[in-house]
Amino acid sequence: NKNDLRHFFLINDSANHKMEVIPSDYSVVRSEYDPGNDFMYIFAKQDENKDGTISKSESTRVFYLNLKNPGPAIRMY
């Protein structure tokens with residue numbers, strides 16, 4: 001359903017390896033691409049009450065993913 005946690009993954013060229021970009025206790029709400037820096041900003045809510053769904057009261061955090069050297073996203077705030 002639309003309240004389930006949503007995850008973001010990096011998958012390699014041969015599709016045999018995937019890596020979760022943000023911690024598993026977060027749910028991606030949206031993302032924005034920054035072409036000047038080649039970054040992806042990922043807005044995600046933390047599942048603070050650990051019920052496996054997102055709710056309006058849970059905090060939104062912002063992560064950035066460097067697309068020139070992809071790896072786990074870095075939390076900005």
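I began with rings: those of Phe, Tyr and Trp (its six-membered ring) pair if their centres lie within 6.5 Å, with planes under 30 degrees apart called stacked, over 60 edge-to-face and the rest tilted. My model is predicted, so local features need pLDDT of at least 70 and side-chain atom pairs 80 or more, while totals for chains, interfaces and linings use all residues. I number residues from 1 along each chain as its sequence is written, and side-chain values use heavy atoms, leaving out hydrogens and water.

**Rings.** I searched the whole structure and found three aromatic pairs. F39 and Y41 make one that is edge-to-face, at 6.2 Å centre to centre and 80 degrees between the planes. Ring pairs also tie F39, Y41 and Y64 into a cluster. Is F39 buried or exposed? I put F39 down as buried because its relative accessibility is 19% (buried is under 20% relative accessible area, exposed over 50%, partly exposed in between, with a 1.4 Å probe and protein chains only).

**Charges over rings.** I looked for NZ of Lys or CZ of Arg within 6 Å of a ring centre and within 35 degrees of the ring normal. K18 lies over the face of F9, 4.5 Å from the ring centre. R30 has its charged end over the ring of F43, 3.9 Å from the centre.

**Whole chain.** I noted zero helices and six strands (DSSP runs: H or I of at least four residues for helices, E of at least two for strands, numbered from the N terminus). Of the 77 residues in the chain, 30% are buried. The C-alpha trace spans about 35 × 30 × 20 Å along its principal axes.
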